[in-house]
Amino acid sequence: MKKQAFQGRRKATWRARAGVSALSLVLSLAAMSLPAQAEEGRLSLRERIAQRRAATAPTPAAAALPLTPGDHEIRVAHQGLERKVVVHVPRAAEAGQPLPLVLALHGGGGFAEFMADDARYGLIRAADEGGFIVAFPNGYSRFAGGRLATWNAGACCGDARDRQVDDVGFLRAVVAQLQAHAHIDSARIFATGMSNGGMMAYRLACEASDLFRAVASVAGTDNTLQCTPARPVSVLHIHARDDDHVLFEGGAGPGAFRDANKVTDFTSVPETMRRWAQRDRCEGAPQRTQSFAGASCEAYARCAQGVRVELCVTDSGGHSWPGGVSRRGKAPSSTAFDAARLIWDFFAASSAPR
């Protein structure tokens, strides 16, 4: 009886493995890594083991398949560490034309699937409506499941910053991997993010402007350590006046990480906009562009190469994504507008012929 039960379990396990959908692709990209001694000095034993496995693992045959309409999970390796990326391809891909790509970066302490939750962020719905591919990469995490992850956005945040993780290189690798397996319009690649993810979007605008046409940040100011974009980049910033994490006028509020050493003295929203107006060589003062009940937007219209620098401010909503569902115990999100749709409209306008 024990032998039969064991054989039954083996058969059930085999059937479960054999039934994995072909839409769940495991992709591996070998990227340039740091010198072995310097890198291993910062990694735990478990991470070094994962690093060696990633370096020697063969590329699965499934990597040759294209990404078809639907939801996928892929794996991308960089710096010897493998991370997941959740990808949604809209039905518009069936037409065979190159589509825009949006990277959506979760907040500090989050993970890929959390950002892909449409009830909270609405980006999959926006992708289906707007006809763009949306990818949700996972930040750096010490845990196998990828939770409690952060992004190295410069002065913030957490382990990703402290270990000097090359998140710019990782996200470049994500884009390259997606370009190899989906029809992506290289002139319409964008990045958005929430909080620490929004801060990471600013770092991409600074260090990967050759790749990203525009970025949008929600509740995450520019905390880069240096910024010399190779070309002007359109920037949209969304922030609540009563944000208690990343304070509108600068600094870390009471709602930020409990350990102050894991964050920074956040740049203010006005200073963030001043920096980007200067980098994009905008002229004149910003002008009101949109008004909502409980929110308004203003933009610099005359900037280099036709780019746009825009700020949308909600009166309430705290540290959350407008139009979404905030975390339990937090202030309700602003309902003044749907941030996902507003961001896509901004990206679409940023890539329109000039």
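**View 1. Aspartate 166 caps the N-terminal end of helix α8 in this predicted model.** A side-chain oxygen of aspartate 166 sits 2.9 Å from the backbone nitrogen of glycine 169. Helix α8 covers residues 167-181, 15 residues in total, and runs 21 Å from its first C-alpha to its last, close to the 21 Å expected at 1.5 Å a residue (the expected span is 1.5 Å times one less than the number of residues). Helices here are DSSP runs of H or I with at least four residues, strands are runs of E with at least two, and both are numbered from the N terminus. Of the 15 residues in α8, 11 are buried, including Phe170, Leu171, Val174, Val175 and Leu178. Buried means under 20% relative accessible area, exposed over 50%, and partly exposed in between, with a 1.4 Å probe and protein chains only.

Some ground rules for all the views: residues are numbered from 1 along each chain as its sequence is written, and side-chain values use heavy atoms, with hydrogens and water left out. Since this is a predicted model, local features need pLDDT of at least 70 and side-chain atom pairs count only at pLDDT 80 or more, while totals for chains, interfaces and linings use all residues.

**View 2. Strand β10 is covered on both faces.** All of Val309, Leu311 and Val313 on one side, and Glu310, Cys312 and Thr314 on the other, are buried. Six bridges join β10 to β7 (residues 234-240) in parallel, and six join it to β9 (residues 295-300) in antiparallel fashion; strands pair if DSSP finds at least two bridges between them. Leucine 311 stands opposite histidine 237 and is also the bridge partner of glutamate 298.

**View 3. Histidine 237 is buried in the model, with polar side-chain partners at tyrosine 202 and histidine 239.** Histidine 237 belongs to strand β7 and counts as buried because its relative accessibility is 0%. Its side chain makes polar contacts with the side chains of tyrosine 202, at 2.8 Å, and histidine 239, at 2.9 Å. A polar contact is a pair of N or O atoms within 3.5 Å; within protein, one must be able to donate a hydrogen and the other to accept it, and residues adjacent in sequence count only if both atoms are side-chain atoms.

View 4. Most residues other than glycine have a negative phi, and most peptide bonds are trans. The bond from cysteine 156 to cysteine 157 is cis, with omega near 15°.
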